[in-house]
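The points below are grouped by topic.

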Amino acid sequence: MPDWFSLSWIPSAVLPPLPVALPLAMCAALLATAHLLPGRWPDILASLTALAVAALCSLIAVRAADAPLVYWFGGWTPRAGMPLGIGFSVDAASGWVAAFIGTLFAASFVFAWGFFEETHGHFQILMLLFLAAMVGFVFTRDLFNLFVWFEVMSVAAFALTAYHLDESALAGALNFTVTNSLAGFLMLGGIGLIYARAGTLDFEELARAVARAGRDPVTAGAFCLVATALMIKAAVVPFQFWLADAHAVAPSPVSVIFSGAMVSLGLFGLAKLTAVVFTGSDQVRGAVSLFMIGAGSATALVGGWMAVLQRHLKRLLAFSTISHAGIMLLGIGALSQGGTGGLLLYLVGHGLVKGALFMVAGILLATRAGIDEIALRGLGRGIEPAGIAMALGGLLLCGLPLGLLDQGTRILQGALLDGGHPFAVAATVVGAGLTGAAVLRAAGRIFLGLGPDPGNEAQAPSEAEREKANRPLWLMLAPCLVLLALNVAAPEEAVARLASEAVPAFMHRGGGLGRGPSWLPWLSLALTLVIAAFALGRHKLPRWFSRPVRATQSGPTRLLEQVHSGLIGDYVTWMTIGLAILAGLLATS
Amino acid sequence: MNARWRLVLLGLACLVLVPCAVSAIRAMPDFGADIAAYGARINAIAPAERHVANMVSAINFDIRGLDTLGEEFMLLAAITGTVVLLRGSRGEAITDRAARLPGRPVLPRAEVVVLACRIAGPITALFGTYVVLHATVTPGGGFQGGVILASATLLIYLGEGYAGWRDSVRSRWLDAMEGGGALLFVLCGLAPMLVGAAFMENVLPLGTFRDLFSGGLMLVENLGVAAAVTGGFTQLFLEFMEETREPDQSDDPKGENA
């Protein structure tokens, strides 16, 4: 029955609402019945739901290859050109991103098998809500609906962050809650402004209104507020401070989602709004180019530098996420097909790799009861497969020319070179190189016992942490390896063909995808190996060589560490400054 | 960064932000200058095509029903998150027995308080139900009515004491109510798809304009929301009440016998 298997009996017209409605229905049913369900049922149901969402989204993406699937809720199709209700508009790129999110959730549910067994399914309920909100956020074509899903994501995430309830978890969750609630207020303000000007919330109609308005403080103000909100979620400098506090303390299966999907979704939303809604305003495009290139480069460098300085493994990975978010932001700043296409591929590739790395951190927390790199020195013996996964993850992060992440990097670098931003290209090379070096250094120290004997330093400065070790190693390792394999095994030709069709549909504008020079990734790789080797072998180097290096880096390092103070007041101040810079650029462009 | 530096930096940022905000506000359409075309269109559509007198309900539960579905689940996420965090610090074991804090006296209720609560409780519940049922005719609906219904359960606490309240309100029923109500709302979206309509398309008979039974599917959705909100808020009250009864470790151990 070839017909049955090609799924052609499912009409495309019914598909778009299902990946949102299915996890919502499942989480409501779980809440009502969780106390009746025996043992592992919440785990099983949640994993199956996530897999079903991934499958549905893939089907949607395939069906949307020719034209976006448009769906009007409640049957309220636009009348006389005026949209009345809420619509979903799913192009192939959005469909594939949603399919990636479903896959990441399924992997995370398997990784967390039995981890949250005492919570009466509450963990699964919050995670399924998180999943539904993300898919809704990716599919919607209505600005207020986008805000609703943005907020559902935040509310579910706040509680998941604080799950461990120790002091650092509560502090991290509080910083996260305050900064991201501010992001919600800003976004709502921006929506109010643009609604006052356009009288509609539908992306297509908004785009027309923005093009009509020309140079206009109201639409520029709306963009400023909405973009800032999304960049707070995406942890762009100077809005990045909350991320390391929150991602480091959340339970590992949650960190997988935070770093793999939530942060980059902020950038996905920003890319969509820039390409679809605000593309008609030269004022916005000018400011976007300047701000995103500047902030993206700064984010890539600051995140990479901070990652190298960490010894708390999850904090290290969190800062590397900041760095990669900066690289992705550069893709928006390039304002071209290549920039956005590179960003979309990078988003998926980075999510797969970073998810796998957070799982390795979770494995260490569970089997070695520690997360401090120095204290774990040499303790990785016996779980070598995790070490191989970590090393591979580190190499892929810094630009090992293999798989999806590398493909995205090269397209992105090509777009930046074409756009005349050589400094930004240098920032991508250095940022990625630094994060890869940090991961490789940690892997070498933990799994090979490299580096100096720590002696008294072995005592971790942070509070002791561990996660429940109630599942076999292979069960934790399997989803981690699947994610890495998905990134490495993505067929390059097919992906390139897919991207060249999907990106113009995503941006509503034709054009081709260029490629950066193929030696650039090798440059980051070399940088990574040098830095990692220096960090691990510094104590064996002659004094005359290592002392100047230490002397030149200690000043800026101390300054950076002081700035990441953990105080909400400081964070809000920096956010205000970022907002002012963007507003100033918009006013003068 | 100390407070002074923070203020200096904030001041510098405001030097840019304030002029930008002023210029945006000055460029806004004047107050009341034009009635949005969308509002006029809704005012015409809701009575004619949905037989509904309350435009807010028509927008919330029909025309932009997906937003409300998202909001309902945002509430569910907030309540579930609160329950997870509060229970996490107290231990997961939930009992239907009222916790007693050693050393805290149980004050007997005055008879007049008991009587007032026994009269006001049912009336409040009745009013809540009224607000829920008249969602499509007068201001109100599932969210507002649900909160009123939940506060009616608090009158049981006021009148009968904590133990009496816990006897009449079971945590698992509340979970079932909250989850079941939310599930009903989602199913109101999915069920029309079985007959070939769109998600949350109003396929039920619409009834007569200004009648209690008007609006079709909106009434069912409101019942779902009301159940979810009642269950959710009562659950929240229950968890916070338990929280005030958490035995303090540093307490004088003698308090145990007091």
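Predicted model: local features only at pLDDT ≥ 70, side-chain atom pairs only at ≥ 80, totals over all residues.

Gly420(A) follows helix α16(A) and has a positive phi, near 75°.

**Helix α16 of chain A**
- Helix α16 of chain A runs over residues 403-418 and has 16 residues.
- From first C-alpha to last, α16(A) reaches 23 Å, close to the 22 Å expected at 1.5 Å a residue.
- Of the 16 residues in α16(A), 14 are buried, and the helix is mostly covered.

**Contact between chains A and B**
- In chain B, 55 residues are in contact with 58 residues of chain A.
- On the side of chain B that touches chain A, the elements giving two or more residues are α1 (3-26), α2 (37-50), α3 (55-63), α4 (65-90) and α7 (171-194) of chain B.
- Helix α4(B) supplies the largest share of that side, with 16 residues.
- By class, the side of chain B that touches chain A has 33 nonpolar residues, along with 11 polar and 11 charged ones.

**Ile42 of chain B**
- Ile42(B) is placed in helix α2 of chain B.
- Ile42(B) has 18 other C-beta atoms within 10 Å and is therefore partly exposed, since a residue counts as buried at 20 or more and as exposed at 12 or fewer.
- Apart from neighbours within four places in sequence, Ile42(B) is in contact with Met55(B), Ala58(B), Ile59(B) and Ile63(B).
- Pro19(B) is 23 residues from Ile42(B) along the chain, and their C-alpha atoms are separated by 36 Å.

Note on methods. Residues numbered from 1 in each chain as written. Chains lettered and ligands numbered in written order. Helix = DSSP H or I, 4+ residues; strand = E, 2+ residues; numbered from the N terminus. Expected span 1.5 Å × (residues − 1). Contact = placed C-beta atoms within 7 Å. Nonpolar A, V, L, I, M, F, W, Y, C, P; charged D, E, K, R; others polar.
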